[in-house]
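Hello,

I am handing over the structure below for you to look at. My notes on what was found in it follow.

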Amino acid sequence: MKFMILFALIAIGTSVAIGEQAIRLPLPDAITEKFPWMINEPLNDERERIVGGSNASPGDAVYQIALFRKDSFTCGGSLISSRTVLTAAHCVFGDEATPSYFKIRYNTLDRTNGPPIGVSKIYRHNLYSSSPIDYDVATLILSQPFTPSANADIIPLTTSEPADGTKLQITGWGRLKSGGTLPTILQIASVTKMSRTKCSSTWGSVNAITNRMLCAHNSNQASCNGDSGGPLVSNGHLVGVVSWGPSTCLSTKYPTIYSNVANLRNWIISNTV
């Protein structure tokens, strides 16, 4: 079973059949060396939503931002203070992960519009590991505060992990399906928190499930490529950050993995401006 980091079209696998390809941006060296068969293709706006979701409405996700690297859409993220965005560490990893290469767009459901703000500093968790994709969080310090409005506001961090079976909300501009297209309008969907025990029994032979990870699943709706770094929300609080999942995006068996905000909360707060 292949799995993928969900940002900017990254896919990783334990085996790849002849002819299969991974559409992605450059991977960190550690992953490239471990999975030398992965094939580079450029990100293409016409090739890349949350699978099974629907168009979000104004006010549904006022904290959602679109992250751009060198003017190309690459990930999602969440406004957690007037000058801080929380995203996934793998979204800002690699040789070209310098602040000047990044900007965000906010206050919009359309990722091609909305006011842009530059990034002045990046804090990536110092224990982030590309294998087993652990501690997958980063904060981006904006070059100026964002302007609050009816469609732009911060989201508070949860203080506790949601209970198993809790319905959670995901939003993002990732693929409509594995190998599908990128929407311009923000998508919204629902997933259910899965127990860490069940998640570990499902994914354990492929990738370790740690306490820094939170698992959620829906056989009909799922995060997909391009949703990485985006929010997993419960009762108006940020509980997770999209990290990795099955290469098919939608799966009857394999859940998507999110960075566990409750577990990582102290680090996030200490790297928030």
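Both Y106 and F146 are buried. This is a predicted model. By the rule used here, the count comes to 6 aromatic pairs. One of them is formed by F93 and Y128: the ring centres are 5.3 Å apart and the planes stand at 65°, so this pair is edge-to-face. That pair links distant parts of the chain, with F93 in the loop between β5 (84–87) and β6 (102–105), Y128 in the loop between β7 (116–124) and β8 (138–142), and 35 residues from one to the other. F93 is partly exposed, with a relative accessible area of 25%, whereas Y128 is buried at 11%.

Back to Y106 and F146: their ring centres lie 5.7 Å apart with the planes at 75°, so they too are edge-to-face. Y106 belongs to the loop between β6 and β7, and F146 to the loop between β8 and β9 (167–172), so the pair ties together parts that are 40 residues apart in sequence.

Ring pairs also join F68, F73 and W173 into a cluster. F68 has a charged neighbour as well: the charged end of K103 sits over its ring, 5.9 Å from the centre. In a second case of this kind, the charged end of K70 sits over the ring of Y101, at 4.6 Å from the ring centre.

What does β3 pair with? With strand β4 (residues 72–81) it pairs in the antiparallel sense over 6 bridges. With β6 the pairing is also antiparallel, over 4 bridges.

Next, the charged pairs. Side chains of opposite charge can pair when their charged atoms come close. The structure holds 5 salt bridges. In one of them R212 is joined to D134, with the closest N and O atoms 2.6 Å apart. R212 is in the loop between α2 and β11 (213–217) and D134 is in the loop between β7 and β8, so this bridge ties together parts that are 78 residues apart in sequence. Both R212 and D134 are buried.

Another salt bridge is that of K193 with E161, where the closest N and O atoms are 3.0 Å apart. K193 lies in strand β10 (residues 187–194) and E161 in the loop between β8 and β9, so parts 32 residues apart in sequence are tied together by this pair. K193 counts as buried at 6% relative accessibility, but E161, at 29%, counts as partly exposed.

E161 also meets R196 in a salt bridge (3.2 Å, N to O). Here the link runs from the loop between β8 and β9, which holds E161, to helix α2, which holds R196, and the two residues are 35 residues apart. R196 is partly exposed, with a relative accessible area of 22%. Through shared partners, salt bridges join E161, D164, K193 and R196 into one network.

R196 brings us to helix α2, which spans residues 196–203 and has C199, T202 and W203 as its buried residues. An α-helix has 3.6 residues a turn, so residues three or four places apart point the same way. T197 and S201 are exposed, on the face of α2 turned away from its buried side.

Regards

Technical notes:
Residues are numbered from 1 along each chain as its sequence is written. This is a predicted model: local features need pLDDT of at least 70, side-chain atom pairs count only at pLDDT 80 or more; totals for chains, interfaces and linings use all residues. Side-chain values use heavy atoms; hydrogens and water are left out. Buried means under 20% relative accessible area, exposed over 50%, partly exposed in between (1.4 Å probe, protein chains only). Rings of Phe, Tyr and Trp (its six-membered ring) pair if their centres lie within 6.5 Å; planes under 30 degrees apart count as stacked, over 60 as edge-to-face and the rest as tilted. A charge sits over a ring if NZ of Lys or CZ of Arg is within 6 Å of the ring centre and within 35 degrees of the ring normal. A salt bridge is a side-chain nitrogen of Lys or Arg within 4 Å of a carboxyl oxygen of Asp or Glu. Two strands pair if DSSP finds at least two bridges between them.
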